[in-house]
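Could you help me find my way around a structure I have not seen before? Here it is.

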Amino acid sequence: MANPARNIDELETTDPKQTRGPWREAWYEFKKNKIAVVGFCIVLFFILLAIFAPWIAKEGINAQETADRLLPPSAEYWLGTDDFGRDILSRIIYGARISLWVGFSAVIGSVIVGSILGIIAGYYGRWVDTIISRFFDIMLAFPSILLAIAIVAVLGPSLQNALIAIAIINVPNFGRLIRSKVLSIKEDEYITAAKGIGMRDIRILFSHILPNSMAPVIVQGTLAIATAILEAAALGFLGLGAQPPSPEWGKMLADSKDYLQSAPWTMIFPGLAIMLTVLGFNLMGDGLRDAMDPKMKS
Amino acid sequence: MEDKKVMLEVNDLQTTFFTDSGDIPAVDHVSFHVHDGEVLGIVGESGCGKSVTSLSIMGLVPNPPGKVVGGDIHFEDKNLLDLSEREMRKVRGNDIAMIFQEPMTSLNPLFTIGHQMMEAVLIHHKKKGKQYAKDRCIEMLELVELPRAKDLMDEYPHQLSGGMRQRVMIAMALICDPKVLIADEPTTALDVTTQSQILKLIKELNDRLNTALLLITHDLGVVAKTCERVIVMYSGQVIEEAPVDKLFDSPKHPYTQGLIQSVPDVRKKQDRLYSIEGNVPLPGSIHKGCRFADRCKFAFDRCFNENPEFYQTSDVQKARCFLYDKEGAVEHDKALTRS
């Protein structure tokens, strides 16, 4: 049987080798963006630093040389020493562990909680939506750092509590993002089609709606890690986060503020570390947005 | 035809949308049935309740604001409206399947064709396992005449053209051997050449698999090509029911007559296309009389006051119009002479 359809379709089909999923396609797009790749490299650098800290930072974080207090950068101490005679480079390297840990886990925590709340609000709507959305509104009405301070004040100052506080204040951002995405996706025809083949609500939620609303969450999440690191540093600076002698970057800033004029390196280098990490995540996040958003629309 | 088994019977179905601006009876006392292996066309303009009728059968009317408020839908000695959500899920996709209007958006962009098709099989036949599901998918893709069925399984929806995606949707709808297939404007979003191929395919599969087919469309050309029997809907009501040849040869309801007159005929020279004046009234906006009365050139007093019944005009044809009320014959003669 001569079938004209066959010929037309064959012209349009792509080479099977080119078959690649939306995620891989996003990665190709991302690689094209040079600035984003720079951001990715910075982030990767700090991650490697954090992982291999014990091998790189031989001095250890708390090795004190009382004779070597507040020394400027030299061949022996590349970034100088602080008021206890501790090597600043080593402390910054160990500090990367703390900052990245806080950044990642706080964001993952708020993504999980925010996604669940956002999905429930968006999918079931009505009074459930009203309650959850108003709850988000109330949380967003507070300046976020103030809310974090209040939470830490209740829980008591420690790194772990600072992490929890940061996770909590970020929940409404992700919740709203997911809710709005779910609202638009649930009207899509493939959701009706999925119901049409007899799929259960819960399965539609998790295997169709959730994966489709992930792209903006990943972008927002990367940017939120940067903010979370800053917030952790701010809480550390205020003495509400990491406690001494932990080499948390914000804490290091706070400890060295008295020596700003006599030994500026004690403050400059932890500050630079914070700035670089945050910059890395921000550049990467922007690149991810460019790579993922247009792809997910088509 | 009469000796065939009735697969799906809809009686007096009423679906209403409860909105802030009033209740809209989108489907208003609609009744029809489909036989085993038959192709029944549902024709009507936008907003006449065709799609809501099909969603009501599937139990997928968006609630709120919509709700099926009356009638029954019989399928295999069951009233679908009495089934629980859990029982209804077993019917959907398995016994009654549906093809949607937009092939471009009916597939999840994140997953491969194979993943989504296998999902459809495994929902209803989990015990048979993944290998069975995979074989079945490839078999179905070949049945809908898609080339390279095996490769397609690993491809993503955006790599396929609209026509191919609609074929995938058809394959997916038929994958569990449904007894009734509802096709809601399956060709509207496709270009004309693809349209005729898809229609041909649907028709062939209907002959081969003996699935009862409910074809919803606004295109009379599609009806003429594929359907055996047609119901015409207007403003939420069924206004005419006829075998397809009768509908085109001697349409009874003035609206149907108008519709058929509006189709351009290449064999005749026409200066202007015929059109029915006015617009379809929103369901629920007319409370008294025939819904079409305002636009009908035969309308007489009774039309504005009473809602006509569904009169039998011949042994196979019915029309909801007072012109066919035998007792009102005198009045309608007057109306005919007037026009």
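Predicted model: local features only at pLDDT ≥ 70, side-chain atom pairs only at ≥ 80, totals over all residues.

Student: How far apart do the C-alpha centres of domain 1 and domain 2 of chain B lie?

Tutor: Domain bounds here come from an automatic or database domain assignment. In chain B, that gives domain 1 (6-234) and domain 2 (237-266 + 273-338). The distance between their C-alpha centres is 29 Å.

Student: Which element gives the most to the side of domain 1 of chain B that touches domain 2 of chain B?

Tutor: Contact means C-beta atoms, placed from the backbone, within 7 Å, and it takes 25 residues from domain 1 of chain B and 22 residues from domain 2 of chain B. Helices (H or I, at least four residues) and strands (E, at least two) are DSSP runs, numbered from the N terminus. On that side of domain 1, with ten residues, the top contributor is β2(B).

Student: Which strands stand at the edges of the eight-stranded open sheet of chain B?

Tutor: Strands pair if DSSP finds at least two bridges between them, and the order is β6-β7-β8-β3-β9-β10-β12-β11 in chain B, with mixed pairing. Two strands each have a single partner, so one side of each is left without a neighbour in the sheet: β6 (96-99) and β11 (311-312) of chain B.

Conventions
Residues numbered from 1 in each chain as written. Chains lettered and ligands numbered in written order. Contact = placed C-beta atoms within 7 Å.
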